[in-house]
Amino acid sequence: MCGIVGYIGNRDAYPILVKGLKRLEYRGYDSAGIALRNDSTQVYKCKGKVADLESHASGSDITGKIGIGHTRWATHGEPNNENAHPHKSMNGKFTIIHNGIIENYSLLKKKLGKRGYKFESDTDTEVLANLIEYIYRKGDVTAELAVRLALTKVVGAYGLVVICEDTPHQIIAARKGSPLVIGVGNGEYFLASDATPIVEYTQSVIYLNDNDVAIISEDELVLKTIYNDKLTPHIQNLELDIDQIEKGGYEHFMLKEIFEQTTSIHDTIRGRISVQKGEVFLGGIQDIIPNVVDARRIIIIACGTSWHAGLVGEYLFEDLARIPVEVEYASEFRYRNPIIYKDDIVLAISQSGETADTLAAIKLAKKSGATVLGICNVVGASIPRETHAGVYTHAGPEIGVASTKAFTAQVSVLAMMAMLVGRKKDCLSEEKYINLINEFYKLPEKIKSILEQDNYIKELSAKYVESPNAMYLGRGYLFPVALEGALKLKEISYIHAEGYPAAEMKHGPIALIDEHMPVFIAATKDKSYEKIVSNIQEVKARKGNVIAIVTEGDTVIKEMADYVVEIPETCEELAPLLTVIPFQLISYYIAVLRGCNVDQPRNLAKSVTVE
Ligand code: F6R
């Protein structure tokens with residue numbers, strides 16, 4: 001969480017930094033700040049969003065060809081002006097921005113306090129600024145060495161950018177655990193937490209690795225480790241298009257991303273599924289497929305929506321490839337002393353590729369000798385670099401904080417993996433395999449037909465805008481979809497919502513049902529259809545409101561439910577990819593009608609780089 005940007009070159013830094021911060025606001029929007037280097041370093045910062053920062057800085061001197069900026073998701077200290085970044089060290093020598101957490105900050109703070117240091121904020125970042133300054137002033141060291149020495153004393157994670165008053169033509173950047181990308185221009189450099197603020201200026205980027213430090217002036221970049229080992233920068237070409245990160249006429253990124261699912265699913269499967277050849281090919285894990293075929297079990301690790309995709313993966317791998325699967329919250333797994341065998345496959349799923357718990361769980365699994373695979377959306381992020389092999393989802397940048405197209409892309413990759421392994425293991429018949437391949441290709445058209453019901457879905461959503469609670473039900477492959485529907489609603493509309501396997505309702509949640517309770521049910525035609533029809537009857541008998549997602553032409557549920565959204569028929573393994581879409585739209589419209597900021601819901605950030 002937190003977004004950081006930096007610029008050094010011949011242009012005015014301020015507009016570049018502000019635009020970059022707006023692109024990174026999905027990473028946190030509790031406060032924003034900027035530091036501009038002229039004769040001295042000017043800091044402007046305030047509680048609130050980047051737009052608040054712009055008002056705050058307007059009328060002030062915003063010139064400067066070197067600058068750094070920060071948009072914050074609060075960890076240490078509440079969101080207020082004092083805790084906003086950049087932070088200056090006590091004597092003003094260093095100005096820094098930081099994404100991550102300094103875990104031993106309170107010990108360091110105490111030590112610095114004893115040496116006369118005073119603190120203006122509650123942040124761990126100010127402690128780091130003062131630590132750097134303390135080392136700098138104490139010994140005969142350069143600014144760069146002071147930064148490197150300070151970082152050897154720090155426990156935790158950081159993406160860090162530092163300006164020193166004594167080296168006014170230099171920026172120092174460092175990374176451990178929190179991402180940092182450097183854009184290489186012509187006589188200029190751009191820094192950012194991800195490539196979105198950089199893409200319109202240059203396609204050449206360097207992704208910093210853990211323990212890297214970059215010392216940057218406008219015409220030179222020196223890369224080394226914090227231990228002073230010289231490194232050769234690896235300049236890569238950015239595969240990102242500016243159009244992909246703009247709203248393109250939609251009111252919100254979330255709506256744009258929901259609608260993009262016709263193409264994002266296609267992008268995920270393109271070149272990987274061939275109807276002509278009747279085969280699935282996943283280049284990123286091709287060499288590892290024999291390990292998966294022989295795996296004792298698959299352990300899926302993920303958080304949030306990615307965890308829900310993992311649950312669909314459990315059904316898919318068990319059904320199609322007959323491999324036992326456990327789906328774990330990365331945050332629980334990593335602290336539980338889990339039993340991991342060498343012949344386990346650990347499969348990490350993450351849209352951002354930066355989720356701290358998932359990353360730590362991967363490191364733990366690697367230590368146990370298991371093969372660790374990844375499914376990730378952001379190319380070059382930390383998770384794909386940490387795993388042995390993996391598959392990119394290629395859904396394109398997901399900027400809305402609530403995950404939508406990443407979910408369908410993750411489920412698509414999981415389905416392709418399960419099909420591939422199932423076929424290799426001979427547990428999936430040729431006929432079913434070919435049927436799944438053909439169905440995959442029909443999905444974009446089917447999604448389009450669901451999205452065409454947008455107005456109707458908006459109308460029905462309006463009925464539930466005032467509901468304080470909501471329940472989501474599904475069975476089998478659609479149980480994870482119920483969980484995902486509930487998460488979408490609660491995170492953007494702040495309505496309390498719970499997802500359950502439909503049959504579990506009888507074991508407690510049914511007590512909540514009365515005429516005020518909307519119950520959203522994924523009830524397409526599959527092997528549990530009759531059972532879910534009974535569950536709907538149970539809800540109706542208690543006067544609950546039923547909004548059911550049904551297969552086109554279903555007349556049985558239509559008669560019972562208050563509303564139905566009809567979706568095209570598909571095979572049950574791929575049904576989550578269609579049923580989730582009405583749930584995404586319903587959450588979106590309920591939240592918009594409640595006046596909520598759907599792209600930036602309160603307290604959340606897109607990329608959870610803290611535990
Ligand atoms: C919900 C949402 C989160 C993320 C979770 C994991 O809409 O976006 O629950 O799914 O924070 O993030 P990634 O997939 O980036 O690891």
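1. Two strands pair if DSSP finds at least two bridges between them. Strand β21 (residues 371-376) and β22 meet that test: four bridges join them, and they run parallel. Within this pairing, C376 stands opposite Y392 in β22. Note that the model is a predicted one.

2. The β21-β22 pair belongs to an open sheet of five strands, in the order β19-β18-β20-β21-β22. The pairing is parallel. At the edges stand β19 (325-329) and β22 (389-392). Each has a single partner strand, so one side of each lacks a neighbour in the sheet. Ignoring direction, neighbouring strands here are turned by 20 degrees against each other on average.

3. Strand β4 (residues 66-72) is another matter to look at. Seven of its seven residues are buried, so the strand is largely enclosed by the rest of the structure. Both faces are covered. I66, I68, H70 and R72 lie on one side, with G67, G69 and T71 on the other. Note that H70 and R72 are among the buried residues.

4. Strand β4 has antiparallel pairings with β1 and β2. Strand β1 (residues 3-8) pairs with β4 over six bridges, in the antiparallel sense. There, V5 has G69 as its bridge partner. Strand β2 (residues 31-37) is joined to β4 by seven bridges, again antiparallel. R37 of that region has I66 in β4 as its bridge partner.

5. Now the helices. Helix α7 (residues 261-269) packs against helix α14 (residues 430-451) at an angle of about 170 degrees, and their axes are 8 Å apart. That angle makes α7 roughly antiparallel to α14. From α7, the contact uses Q261, T262, I265, H266 and I269. From α14, it uses F440, Y441, L443, P444, I447, K448 and L451. The residues of this contact divide into eight nonpolar, three polar and one charged.

6. How many disulfides are there? The count comes to zero, with a cut-off of 2.5 Å between cysteine sulfur atoms. Take C303: its closest cysteine sulfur is in C376, 13 Å away, which is too far for a bond. C427 is in no disulfide either, as the nearest cysteine sulfur, that of C571, is 17 Å away.

Terms used
Residues numbered from 1 in each chain as written. Predicted model: local features only at pLDDT ≥ 70, side-chain atom pairs only at ≥ 80, totals over all residues. Heavy atoms only, no water. Axes fitted to C-alpha atoms, helices over the stretch in contact; angles between N-to-C directions. Helix = DSSP H or I, 4+ residues; strand = E, 2+ residues; numbered from the N terminus. Parallel < 35°, antiparallel > 145°, perpendicular 65-115°, else oblique. Contact = heavy atoms within 4.5 Å. Nonpolar A, V, L, I, M, F, W, Y, C, P; charged D, E, K, R; others polar. Buried < 20%, exposed > 50% of the residue type's maximum accessible area, 1.4 Å probe, protein only.
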